[in-house]
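Please report on the fold below.

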Amino acid sequence: MADNSNVKKATVAQGSTQDQTCQNFITNTVKHGPGKIIGIILTFVLSHLLHHLLRPLSQPRITSEIVIGILIGNIPWIRDSFDEKFITTLNFVAEFGMICYMFVLGMEMDPYVIFKPPTQPAIIAYAGMISTFILACSITPFLHYTKNADIGFTLTLSITLSGSGSHILTRIITNLKIGKSDIGKLVIAAGVHSDMISMLIISVGYIFIYPTSKISNLPAHLTNVLTMSSALLLQTIFAATISPIFMNWVNNENPEGKPMKGSHLVLSIAFMVMVCTASPIYGYSPILSAFLAGIFLPSEGRVSKWAVGKINYLLSTIYYPIFFFWMGYHANFQKFEPGQWGTWARFFVLTTIALFGKVVGTVICGAILGYHWRESAELGLLLTAKGHFHVFLAILLDIYEITTTSTCTIMVIVIFFTIVHPPSIVMRIIERARKRAPTHRRALQGLDPTKELPILLCVHGTHNVPSTINFMEISRGTADPGILVYVTDMVELTDQIAASLVQSDGMDTMTVTDKQVTDMRDQITQTIQAYVDENGDGITLRRMLALSSFNSMTQDICTLAEDLMVSLMILPFHKNQCADGTLDGGHPGFRYVNRKMLRNAPCSVGILVDRGLGLAENISTTPRSFHVAVIFIGGKDDREALAYAGRVARHPGVKLTVIRFLLDDNSENNRRTGNYRVNLAEQEAEMKLDDECFAHFYERYVAGGHVSYMEKHLANSAETYATLTSLEGQYALIIVGRGGRVNSILTVGMNDWQQCPELGPIGDVLSGSSFSLKTSVLIIQQHHLKGELDGLDDEFSIM
């Protein structure tokens, strides 16, 4: 159970010593040559760049950091710039950061699950650990990983290989959105359990086997064992009993939503440091002490969540690049010795044990539990993922010169291999789940009219509230079954808002405390709720929040739409109406989200161009006072727009007009389409669907006199454009389909002058600056299936 004596000095010393260490690190970096500065800067920049390039492969950040750390750390002129003092300082920084990492790792675990009856994840974790441990203990002693026979190293290596990097594994599972599935929950729980058990065994084993221990001097060894055991026991009891009392008192004195008192914050930090440094005073590892202190400190409460959030932020932004730069220096490729067969034997055997040791246990255990062998093998492969502590331990063994010259580099490469493959395993799981899941379309067309219509209605801010209310009003249909509206705030995650986030109950749940955001949400909620209470018969209101960067907002909203199983999503246009009635330049971030949403949405999507839709009054009380038109040319999007118009037609305050654009039979363009190619079979199939859909709508609404109808016989897109412009000022809202038309003779060529192609040719004309200042436009795109399945339920079952 290896550790470094330098760690003891770094933690036992007072705060001034730690400040001096950081100052020495900066001073030595600047003083002793530019190579170290360039090396650290390159590690920061290139690791972020490589991580961005590897995003399509869903690789975690640690993958790029290991690659860049090894490459930069093995550049000769950078290595030559290192002196002994800089290396010592770098060791201090790496070890102090690992103390913080282990403290956070411990705080995210619950040690009391050990004393409960084993669950299926625990059984799987034990099975994978036992099989890996037996294989490692049986094989590694014969391959001379150490300079001398060392049972302590064998046990340490075997237990390390038996564990999992739960932090890395959880990040991979949650980033790929399978955390709510049965296999995702199983992998996360088993990974945390495996990581916790292996770390507890290492923590206890360090007492008996540590680098400076000399078994030959039995009395001194027993004295050290008793001293460390007593100190660690007292620290654990104190952390488990006194810590909850103290932390609860601080949390009660500093409730959520109010600034934390500075004195209480200082006391809390001092208390955590005191708990962590109790046993190292008597010779115990400060890194393992931090883990044990964190595991018994309360994980709930404002102080704990604040500490975890701040430490994780510092680790990810500052520490990890320096840590992997330090790793790259010690993982010296010049010591790899590729010319010796023993090097390759040690490499392939260790790789085989690390990658397949757990598979043996999980397959056997899975057979007993009734799992399919394929899923059981995938469980084992996912649980092989290692983390930062495993890298640190490999380098530490080299620093103590316990291992042979090539072993350190071999261990780092093997750890890298265990991290690279999990994303591909998860993607195979998702692909197989898609094939097993039922294919279904989330759209308005064909929706059961007796069921409640779920709508995700997005807003950018309070200026969208009036149009949101009137949209809900005209969309609600009859009181039975009514509509279920999820009003969702689209808020960009800025640094200021991110700093105000507070972790709540649940693994991925955060509470927004930024005053500007909370005030805006409260105002929106109060206004819409007042409308629902007064006039919202048949409307069920729910409030949601999409808080993320513009790059990831689409994915978050799509996930929300899938979770809520909505049939229609309404997005505000990225341009807002100015005081003179024109539209402003728009917000590029929201335009990016809208365009990406049209490509990836798991349901039908509508983009609402608001030109005073919210100014209409008394829609619910004045019969047929709100004039709406729906334009029907043909295609799936127009059929979806017609399906939505059918709901609008049921409102007593709406006067709906259907305008059908038909191709003039006598036109030359009907016989001569130029370069425009038409698939006749596909065109005939689409025209049949159009006629059936329109005939059903006509019989239900037009024939009874509830809806007005007119036809426009047009020859080409120029006549289409002229007809559209003639509608200016006649309607408060025009509903159109985005595109999806097989026979687009009436719109061909209109794309050449589009300002907003995401709205489609008709929607772009109606939302253009040359069109009406008072006519709002709703552009609808029907949900389209991609291949066999467009979306997959997060809570899919595959085991």
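## Packing of α23 and α24

Helix α23 (residues 550-564) and helix α24 (residues 588-600) approach within 9 Å, axis to axis, and cross at roughly 40 degrees. Axes here are lines fitted to C-alpha atoms, for helices over the stretch in contact, with angles from 0 to 180 degrees between N-to-C directions. Helices (H or I, at least four residues) and strands (E, at least two) are DSSP runs, numbered from the N terminus. The pair α23 and α24 is therefore oblique. Angles under 35 degrees count as roughly parallel, over 145 as roughly antiparallel, 65 to 115 as roughly perpendicular, and the rest as oblique. The crossing of α23 and α24 is right-handed, meaning that the near helix is turned clockwise from the far one by less than a right angle.

From α23, the contact uses Phe 550, Asn 551, Met 553, Thr 554, Ile 557 and Cys 558. These meet Gly 589, Phe 590, Tyr 592, Val 593, Lys 596, Met 597 and Asn 600 of α24. Contact means heavy atoms within 4.5 Å. By class, the contact holds 8 nonpolar, 4 polar and 1 charged residues. Ala, Val, Leu, Ile, Met, Phe, Trp, Tyr, Cys and Pro count as nonpolar, Asp, Glu, Lys and Arg as charged, and the others, Gly among them, as polar.

## Basis of the model

This is a predicted model: local features need pLDDT of at least 70, side-chain atom pairs count only at pLDDT 80 or more, and totals for chains, interfaces and linings use all residues. Residues are numbered from 1 along each chain as its sequence is written, and side-chain values use heavy atoms, with hydrogens and water left out.

## Positive phi

Most residues other than glycine have a negative phi. Ser 58 has a positive phi of about 60 degrees, although it is not a glycine. Ser 58 sits in the loop between α3 (34-53) and α4 (61-73). Its relative accessible area is 25%, so Ser 58 is partly exposed. Buried means under 20% relative accessible area, exposed over 50%, and partly exposed in between (1.4 Å probe, protein chains only).

Met 565 also has a positive phi, near 55 degrees. Its loop runs between α23 and β6 (568-572). With a relative accessible area of 53%, Met 565 is exposed.

## Nonpolar cores

The largest nonpolar core has 122 residues. Such a core is a set of buried Ala, Val, Leu, Ile, Met, Phe, Trp, Tyr and Cys residues joined through side-chain atoms within 4.5 Å. Met 98, Met 102, Phe 291, Phe 323 and Phe 389 have the most contacts inside the largest core. Helix α14 gives the most to this core, with 14 residues. Another core, of 52 residues, lies apart from the largest one and includes Val 517, Ala 645, Ala 649 and Phe 694.

Beyond four places in sequence, Phe 323 touches Ala 94, Met 98, His 388, Val 391 and Phe 392.

Arg 302 belongs to helix α14 (residues 302-330). Arg 302 is buried, at 16% relative accessibility. Outside four places in sequence, its contacts are Asn 251, Asn 254, Pro 255, Glu 256, Lys 258, Pro 259 and Met 260.

Phe 208 belongs to helix α10 (residues 182-208). It is partly exposed, at 44% relative accessibility. Leaving aside neighbours within four places, Phe 208 contacts His 221 and Val 225.

## Overall

The protein has 28 helices and 12 strands. Buried residues make up 55% of its 799 residues.
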